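This report covers backbone geometry, strand pairing, helix packing and domain contacts. The sequence and the structure come first.

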Amino acid sequence: MTRMYHRLPVEAYTSKDWFDEEQRLIFSRTWRFAGLAEDVPEPGHYISVQAGLNNIFIVMGRDRRLRAFHNICRHRGTQLIRAVGKTQKALTCPYHDWTYDLEGNLISVPDEAREFPNGVDKKCFGLKPASVDIWRGMLFVHPDPDPPSLAEWFGAVDPYLGPHKPEELVEYPDSASSYEIRANWKIVVENYIDVYHLSHLHSNTLYMYDHAKAEYGWEGPHYHFWEPPAPDYAEDLENNLPFPRVIPKPHSGAWVPMLFPGIGIGASEESWNLFIITPLAPDLTRIQNRSKLANVSGWEFQKQQWSSWGFWKGFGGPKYEGDDTIDENDPMASGDFTAEDVYACEQQQKSLYSPYLEIGPSAVGESPITNHQQAILDFMKAQEAS
Amino acid sequence: MTAAFFKLTVSDIREEIGGDATSVILTVPEEAYDQFQWQAGQHLPLRFMIDGQEHRRCYTISNPPGENLRITVKRTKGGVVSNYVADRLAVGDIVESQRPHGRFVLEPGPLKRRTHYFFGAGSGITPLYAMINAVLTDEPYSVAYLIYGNKSHKSIIFHEELDALAAEYPERFTVRHILSSPSMWTWFSPWRSGRVDAEAIEAAIDETPPVAQNVQYWICGPGEMNKATRAALLAMDVPDNRIHLESFGGAGAIDTTVKGIAATASITLDRQEHTVQVAADQTVLEAALAAGLRPDYSCQSGVCGSCKARLKKGKVHMRAQMALDDEEIARGEILTCQSVAESDALTIEYP
């Protein structure tokens, strides 16, 4: 009998077959996060991103419009460009120097007369177009040249994402990080959207927000979440914020949606953070973090740090102390909520291989988990049918 | 088929830019409501009887669908109809019109997500104004940027209305005024002086680059301005299929170098075949009208496309062909108001 983990079989979290199906039906057929708009700032700049099975690159034309193409030379399929860079007018494949213009047209084939005595009909070998668009300052790519618009994809959930305007904020470069978690990507998503765990795993790290008053729900496959500041924090909120505000008063709280598939945002009064989840293997997932803060002077940051010092000086602490800790690197003693989450995900993944695993009842605050599992089943079914 | 004319009633008249342009609101008879559903950017093929003489003109509908049916007519020096509209047309008068026409249209969509750049000059604002309104009200995820050239601040049609839109939609609409001879005696300072040229276009796109990456470019002004704007956009690698334009308030590319020859034309209209003599200095349309046929026509300048027909045999020269795309020309479609004969036997079919 298939062992179940709520609505999905346990093997959905461990097997290569499931991983391959998700790559094919989910990550290769949805809008994929590709970076921030400022990653392609000027004409001629480009970046590439792996989106499921597709490698897609984005380049800005002289008209400042972004174009997206499949990063595959039409000759022998070599990846045309590397991760990031700049070009003037043309993109040349390193293998045989076939060259394309920024519209994807093949414009030059070296030694054409000698190597291709019958000629090459260049019109037939343009780069295959993909799609790119910008939403809330984020770049998204889609492998289809004519996909549903981002308005169709994110429109319904957009009103729940907070009053933030990420395009007006500045990236805090030290915050950008990338790390791997030894767990299936869905375990990581489920941890992100599990409301029940907030007061427990993070009992000493995230209590400036009032988890009991969280409001959350779904728009299609996208999850949205908001919770207000906890009374202690809210009492003198303007002074307690660790950084200058990024949203106008009197908006307050934390917006922590999980857009499908695996695009997490964590936004509050004073920051806007990305948590991008990319599956690498059935039991390995990459996380990319990027953060944006208010576009104000260092002096404003200094003032806010002083005014909030009183609140934060005694805030937080480890979940386990003393004899309960393993050593000084114990994530449960770190006082860092991310370390706590990574630990929980990896411990859960390990148990998925045990023949004695049996999943217990799902709590009210865990309903997002079963909803996400259902969203995956529904999406794959719809894609398989189309 | 000849399209029917309907009797519309003038229900309001308003002077624009100190009387140099006139906005006219027309009421459609109830039985013609369905025919008068229009798309932003379309025009009305109108027929006026002035001092016993019939005159046909196309005037753009300067409101988006759902609003009052309104045309805005700029006075042209010595223009029979434009001056008649400005000086003599009155509330309660009847104006005859065929149903809205034209394919310089912007179809908004509630889930379309686009960046629209509008480049206009003078009365070329009229279709753009309808389109901008359509985008702002019916395409909520899209943005619109207008670059609008005029002689001086006094000749800016819909100045207040555009400012009001910019105030209402600060994050989705901007307007940039370019004046070719700005007055010193005004508080109004335009975005730039000069013309809507390559430098201005590049500066505008630099200042407000596309947000949504499905970008469309809409151009409406005199022929020269259209040509220059399109050339500037192409020089920036804008793909031609994203550029939409209509010529307005001035000649486009008119090629009168080819003289016609006298010809005999077999013209099929409403499935009836007629033999018509076309004189060397006559257009096919003029010859057909002189022979008593009543094909559709309107602007007589090659812009509106009302007089389109198919050339089955023979050869014509078109002085202007703005209303046709390359595909239609390849299929043998012609604008009869612009066609003079180049072979002595023609076979022409009106649709």
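P261(A) sits in the loop between β18 (258-259) and β19 (263-267) of chain A. In this predicted model, the peptide bond from F260(A) to P261(A) is cis, with omega near -10°. A cis bond also leads from K249(A) to P250(A), where omega is near 0°. P250(A) belongs to the loop between α6 (237-240) and β17 (254-255) of chain A.

Most residues other than glycine have a negative phi, and most peptide bonds are trans. Because D237(B) has 16 C-beta neighbours inside 10 Å, it counts as partly exposed. The table lists these backbone features.

| Site | Feature | Value |
|---|---|---|
| F260(A) to P261(A) | cis peptide bond | omega near -10° |
| K249(A) to P250(A) | cis peptide bond | omega near 0° |

The strands β3(B) and β4(B) run antiparallel and are joined by eight bridges. L46(B) has R57(B) in β4(B) as its bridge partner.

The domain assignment divides chain B into domain 1 (6-97), domain 2 (115-247) and domain 3 (263-349). The centres of domain 1 and domain 3 of chain B, taken over C-alpha atoms, are separated by 27 Å. Five residues from domain 1 and five residues from domain 3 of chain B make the contact. On the side of domain 1 of chain B that touches domain 3, the elements giving two or more residues are β3 (43-50) and β4 (53-60) of chain B. β4(B) gives the most to that side, with three residues. By class, the residues on this side of domain 1 of chain B are two nonpolar, one polar and two charged.

For chain A, the assignment gives domain 1 (32-146) and domain 2 (163-385). Their centres are 35 Å apart, taken over C-alpha atoms. The contact involves five residues from domain 1 of chain A and six residues from domain 2 of chain A. The side of domain 1 of chain A that touches domain 2 has three nonpolar, one polar and one charged residues.

Between the chains, 15 residues of chain B are in contact with 16 residues of chain A. The side of chain B that touches chain A is made up of 11 nonpolar, one polar and three charged residues.

Chain A also has an open sheet of three strands, in the order β8-β9-β10 with antiparallel pairing. β8 (90-92) and β10 (106-108) of chain A are at the edges with a single partner strand each, so one side of each has no neighbour in the sheet. From one strand to the next, the twist averages 40°. β8(A) is joined by three bridges to β9 (residues 99-101) of chain A. D101(A) in β9(A) is the bridge partner of A90(A).

Among the helices of chain A, α1 (residues 16-27) and α9 (residues 367-385) have axes that come within 9 Å and cross at roughly 75°. α1(A) is therefore roughly perpendicular to α9(A). E21(A), L25(A) and I26(A) of α1(A) make the contact with F379(A), M380(A), Q383(A) and E384(A) of α9(A). By class, this contact has four nonpolar, one polar and two charged residues.

Helix α4 (residues 185-193) of chain A has eight of its nine residues buried, so it is largely enclosed by the rest of the structure. The buried residues of α4(A) include W185(A), K186(A), E190(A) and Y192(A).

W312(A) is in helix α7 (residues 298-312) of chain A. With 13 other C-beta atoms within 10 Å, W312(A) is partly exposed. W312(A) and Y233(A) are 79 residues apart in sequence, and their C-alpha atoms are 9.8 Å apart in space.

Key. Residues are numbered from 1 along each chain as its sequence is written. Chains are lettered from A and ligands numbered from 1 in the order in which they are written. This is a predicted model: local features need pLDDT of at least 70, side-chain atom pairs count only at pLDDT 80 or more; totals for chains, interfaces and linings use all residues. Axes are lines fitted to C-alpha atoms, for helices over the stretch in contact, and angles run from 0 to 180 degrees between N-to-C directions. Helices (H or I, at least four residues) and strands (E, at least two) are DSSP runs, numbered from the N terminus. Angles under 35 degrees count as roughly parallel, over 145 as roughly antiparallel, 65 to 115 as roughly perpendicular and the rest as oblique. Two residues are in contact if their C-beta atoms, placed from the backbone, lie within 7 Å. Ala, Val, Leu, Ile, Met, Phe, Trp, Tyr, Cys and Pro count as nonpolar, Asp, Glu, Lys and Arg as charged, and the others, Gly among them, as polar. Domain bounds come from an automatic or database domain assignment. Two strands pair if DSSP finds at least two bridges between them. A residue is buried if 20 or more other C-beta atoms lie within 10 Å of its own, exposed if 12 or fewer, and partly exposed in between; C-beta atoms are placed from the backbone.
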